[in-house]
Amino acid sequence: MKTKILTLFSLLVPLLVNTAGAATIDVAVTNDVFTPEDIVIQKGDTVRWTNTEGTHNVIAQNGSFASFSDGNPQPPGWVHEVTFTEAAVHIYRCEPHSSTNFLFGMVGSVTVGDGGGDDDDDDDDDDDDGFLVNFGITGSWANLATLGQGWLFEILPGLDPPLMVAYNFTYPPLLVQKGGDPEFFGNQMWLVGAAEIVGNTVTVMADRPFGGAFDDPLPPFFPVESYATFIFTFSGCFDAMVEYDIPSKNLTGEYPIERITPDVMCEDLAAQP
């Protein structure tokens with residue numbers, strides 16, 4: 001029996017059809033599976049389930065939606081659409097082919113995001129342009145609102161051009177926990193990348209290596225395509241903003257980070273003409 005625990009880096013990329021600024025995401029309903037099982041959308045987007053095989057239904061754990069007025073399973077040929085207007089996580093299942101606790105069998109999820117923030121990038125950030133990333137940025141950084149994960153930066157000033165190596169110790173972007181069992185959480189993951197330093201900004205294409213083993217001489221496998229793009233904008237020696245774009249998960253956003261290890265020389269280097 002397969003336990004339905006979602007970590008978003010195992011998802012298929014949803015099919016997006018843009019209409020009037022929103023999107024319609026198609027989910028195929030076939031024998032024993034929703035494809036994709038788990039999707040991430042934004043407020044205003046619509047999910048369209050199409051049953052092409054078997055007798056199924058769609059019913060939400062929180063009661064927010066169900067296929068058909070009576071919710072009963074129906075044979076192939078039906079289409080059901082729901083437009084989501086609030087940020088939330090919706091776990092749903094096919095009643096004949098899943099457990100009542102929404103944990104096993106034919107279970108899916110819809111994670112509805114905020115749709116991103118306003119692009120109010122006026123001249124408020126002009127002061128950041130005067131700061132230049134220097135060797136003193138090297139160290140540990142984190143978003144204190146999400147403890148237990150963070151960044152390690154290593155500045156390589158001797159190269160031409162100078163580079164920053166970034167290591168992100170984190171978790172899957174969104175963990176949808178099905179069934180409500182607190183023991184089922186996603187594994188840790190780490191991302192790594194390096195890029196040229198341009199003033200106070202570094203744009204890193206980060207890979208997610210996998211396939212390695214503890215104390216094993218064989219190196220981990222790095223995928224051909226990068227997992228995510230991170231843009232680091234440093235406002236000084238102690239604060240930065242991280243913008244992220246994870247295309248395969250339809251996930252973008254930003255969050256602040258700050259230095260959590262003592263500053264050894266960053267301010268001294270920044271003060272030099």
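**View 1. Strands E9 and E10 lie side by side as an antiparallel pair.** Here strand E9 (residues 88-98) is joined to E10 by seven bridges. Two strands count as paired if DSSP finds at least two bridges between them. Strands (E, at least two residues) are DSSP runs, numbered from the N terminus. Look for Ile 91, whose bridge partner in E10 is Ser 109. E9 and E10 form a hairpin with six residues between them, and Phe 102 in the turn has a positive phi of about 60°. This is a predicted model, in which local features need pLDDT of at least 70, side-chain atom pairs count only at pLDDT 80 or more, and totals for chains, interfaces and linings use all residues. Residues are numbered from 1 along each chain as its sequence is written, and side-chain values use heavy atoms, with hydrogens and water left out.

**View 2. Strand E10 is mostly covered.** Of the nine residues in E10 (residues 105-113), eight are buried. Buried means under 20% relative accessible area, exposed over 50%, and partly exposed in between (1.4 Å probe, protein chains only). Strand E5 (residues 38-42) runs parallel to E10, and five bridges join the two. In this pairing, Ile 41 stands opposite Val 112 of E10.

**View 3. Four strands make an open sheet.** The edges are E5 and strand E7 (59-60), each of which pairs on one side only. Strands of a sheet pair through backbone hydrogen bonds, either parallel or antiparallel. E7 is antiparallel to E9, with two bridges joining them.

**View 4. Glu 95 sits in strand E9.** Its relative accessible area is 34%, so Glu 95 is partly exposed. Leaving aside neighbours within four places in sequence, Glu 95 is in contact (heavy atoms within 4.5 Å) with Asn 57, Ile 59 and Gly 71. Glu 95 and Gly 71 are 24 residues apart in sequence, and their C-alpha atoms are 9.4 Å apart in space.

**View 5. Thr 55 belongs to the loop between strands E6 and E7.** Strand E6 covers residues 46-51. With a relative accessible area of 38%, Thr 55 is partly exposed. Not counting residues up to four places away in sequence, Thr 55 touches Pro 73, Gln 74, Pro 75, Cys 94, Pro 96 and His 97. Along the chain, Thr 55 and Pro 73 are 18 residues apart, while 5.9 Å separates their C-alpha atoms.
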